[in-house]
Amino acid sequence: MLLLAALMMPAASHAVETASQIIAKCAAKVSAAPSIKFKFTLQYGDRTSPCDITVARQCYRMSSPEMDVWYDGVTQWTYASAQKELSITEPTTDELLECNPFAILNHYAKAYNCRRLPGKNIEIEMTAKSAASTVRKAVVDIDARTYLPQKLTVTLSNGRTFTATVGSAVEGKTLAPSFFTYDKAKYPAVETVDLR
């Protein structure tokens, strides 16, 4: 009996984290940094594109061969380099999640139910609470050492999925607000479509 009690003590003293606690820790790690730059590969259907994104709390700036995107927490500018076209929006939460796969970390608590998938890796499945959500499901692979996301697979309401596989994540310094806004001197647009 004493042996059984002794064996059970370590298990009882080490509480297992819930899926929501793990996602909360991941989100806190990302939002606590002055900025983090993720280099990742985005796969959407049969297309693969190298991307990088710098996030600082609600703001982000993303670059890919096809476009550059800036978001200052309210306004989003999307510059299509081939057409030299700029679109300006004030995106909804769903629209942000479509553009920035890492934004889902900020919305896990109120918009998604979380559960940990079985296996050795830390994989959290997030399922939308609302049937009207554009992003129906996301699976986030989390690095057990750093608690940063390693891979995000997002399923949209139309059934399509896209996957962001992180190659590197580097914490940076505090950035000026202008870093997250469109600079027309560097990216001159032929046409501007203002959808605000």
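Predicted model: local features only at pLDDT ≥ 70, side-chain atom pairs only at ≥ 80, totals over all residues.
Student: How do the residues of the lining of the largest pocket divide into nonpolar, polar and charged?

Tutor: Residues are numbered from 1 along each chain, and side-chain values use heavy atoms, without hydrogens and water. A pocket is an open set of points on a 1 Å grid, with protein on both sides within 12 Å along at least five of seven lines, and lining residues have an atom within 4 Å of a point. With Gly counted as polar and Tyr, Cys and Pro as nonpolar, the lining of the largest pocket has 10 nonpolar, six polar and three charged residues.

Student: Which residues are the closest to the centre of the largest pocket?

Tutor: The largest pocket has a volume of about 510 Å³, the space filled by probe spheres set on the points. Of its 19 lining residues, the closest to the centre are Leu42, Tyr44, Met62, Met67 and Glu98.

Student: What is the volume of the largest cavity?

Tutor: A cavity is a set of points where a 1.4 Å probe fits but cannot get out. The structure holds one cavity of 30 Å³ or more. The volume of the largest cavity is about 160 Å³.

Student: Which element gives the most to the lining of the largest cavity?

Tutor: Helix 2 (19-32) and strand 3 (59-63) are the elements that give two or more residues to this lining. With three residues, the one that gives the most is helix 2.

Terms used
Helix = DSSP H or I, 4+ residues; strand = E, 2+ residues; numbered from the N terminus.
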